Amino acid sequence: MSPQRIDVHHHLLTPGYVAALKGVGIVESGGIPLPPWRPEDSLAMLDRAGIQVALLSLSTPGLFFKSPAQERALARAINEFAAQCGQRWPDRFAFFATLPLPDVDAALAEISYALDILHADGISLYTNYEGIYLGDERFTPIFAELNRRRSVIHIHPSVFTGATIPAAKNAGSTISTLPSFMLEFVFDTTRAVANLVISGALKQFTDVKILLSHAGGTVPYIAHKIVSGALVAMLGGQVSASAPGIPPEQADAFRSMFTDDILSQLRGLYYDTALSANVNAFSSLQQLVPTSQILLGTDYPFAPEIESGTTVRRLERLASLSDSDRQAITTDNALALFPRLQRI
């Protein structure tokens, strides 16, 4: 029997990870204090929310340390912990593996170990690593390998764009009184997606399946601005008010074809519902993508249960969704992305 309801955006915090963060002065993530967490806490939340399976992943700030060796060892320990959760509760947990980026060679080694030995269900990437955004050619070997494997990539936002350890309160927020998750998360997701489009990575690596956090940040709302940015990039930054020698109808036809191409790339991505199961976010999201591209995500435990645990009920209250839409979002779309879960 296939599982009922699958949460694709659900975080773990291992004791070793929390201790390592505190060791460099980091006590929060996205402006939220690091919450206490055990696998049993997630199981209880899932039961209360009527969700059977959660895909575990590491939230920001990730492996933010000075020692590459420490980052490699911690990534391995986190992935093995997540795999053990799946082994102990095989009908409740799956996971996205963490990579020790920006060390590309170490990340490639961890991809092999995580997917071939631990049988991870996908790979978790941050929007940027020390200011290097996804789509940068330095990450081409990572995308090439994941493309070869036809992997699922879950992209989670970060709020840090440098090598400085983010130990301050609301680190990464441009307004010190605002928690950094509130605005910077959605903007950094948008930056990464725009860079993936403009760099050509989405057209180059068509066999990876990319799942975006938080309904894609602001991608659905500013999709046409991404089109405009891609057009300017294609023109080499040369923008003029007219196109001498090109009949208006030809210019319009080219612009229409170009727009369709970029929007098609954005429609090929997947979007989770974490912190986004509301009419405002869904109005834009449903204008951009079909229901087949939307998956249930709760953001537990960083989103308090009054937010994360009520996601299913809030989806039920969205008038724009039919019963079949809700079934697709909460279960069927995840089963299509992760066929292994059909055997649970």
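## Stop 1: the sheet

Start by selecting residues 152-156 and 209-212: these are strands β9 and β10, which run parallel and are joined by four bridges. Strands here are DSSP E runs of at least two residues, helices are H or I runs of at least four, and both are numbered from the N terminus. Two strands pair if DSSP finds at least two bridges between them.

Before going on, a word on the ground rules. This is a predicted model, so local features need pLDDT of at least 70 and side-chain atom pairs count only at pLDDT 80 or more, while totals for chains, interfaces and linings use all residues. Residues are numbered from 1 along each chain as its sequence is written, and side-chain values use heavy atoms, with hydrogens and water left out.

Now step from β10 to strand β11 (residues 270-272): these two also run parallel, joined by two bridges. Select L211 and you'll find Y270 of β11 opposite.

Zoom out to take in the sheet. Eight strands make up this open sheet, in the order β1-β4-β5-β6-β9-β10-β11-β12, with parallel pairing. The edges belong to β1 and β12 (294-295), each with a single partner strand, so one side of each has no neighbour in the sheet.

Buried means under 20% relative accessible area, exposed means over 50%, and partly exposed is in between (1.4 Å probe, protein chains only). The partner of β1 is β4 (residues 53-57), paired in the parallel sense over four bridges. Click H10 and look for L56 of β4 opposite.

## Stop 2: the cavity

Next, select L58, T98, L99, S124, Y126 and Y129, which line the largest cavity. A cavity here is a set of points, on a 1 Å grid over the protein atoms alone, where a 1.4 Å probe fits but cannot get out; lining residues have an atom within 4 Å of a point. How many cavities of 30 Å³ or more are there? The count comes to one, and the largest cavity holds about 40 Å³ of space. That volume is the space filled by probe spheres set on the points, with grid points joined across faces, edges and corners.

Colour the lining by class and you get four nonpolar, two polar and no charged residues. For this count, Ala, Val, Leu, Ile, Met, Phe, Trp, Tyr, Cys and Pro are nonpolar, Asp, Glu, Lys and Arg are charged, and the others, Gly among them, are polar.

## Stop 3: the rings

Rings of Phe, Tyr and Trp (its six-membered ring) pair if their centres lie within 6.5 Å; planes under 30 degrees apart count as stacked, over 60 as edge-to-face and the rest as tilted. The whole structure has seven aromatic pairs. One of them is Y129 with F139, edge-to-face at 5.8 Å centre to centre and 80° between the planes. Y129 sits in strand β7 (residues 128-129) and F139 in the loop between β8 (132-133) and α5 (140-148), so the pair ties together parts ten residues apart in sequence. Both Y129 and F139 are buried.

## Stop 4: the salt bridges

Side chains of opposite charge can pair when their charged atoms come close. There are 17 salt bridges in the structure, each a side-chain nitrogen of Lys or Arg within 4 Å of a carboxyl oxygen of Asp or Glu.

Select D121 and R340, whose closest N and O atoms are 2.7 Å apart in a salt bridge. D121 lies in the loop between α4 (104-117) and β6 (122-126) and R340 in the segment after α13 (323-337), so the pair ties together parts 219 residues apart in sequence. D121 is buried at 14% relative accessible area, whereas R340 is partly exposed at 31%.

Then try R88 and E40, a salt bridge with its closest N and O atoms 3.7 Å apart. R88 is in helix α3 (residues 68-88) and E40 in helix α2 (residues 39-49), so this pair links parts 48 residues apart in sequence. R88 counts as exposed at 58% relative accessibility, and E40 as partly exposed at 30%.

To finish, select D116, E145, R148 and R149, which are linked in a network of salt bridges.

Note on methods: On a 1 Å grid over the protein atoms alone, a cavity is a set of points where a 1.4 Å probe fits but cannot get out, and a pocket is an open set with protein on both sides within 12 Å along at least five of seven lines; lining residues have an atom within 4 Å of a point.
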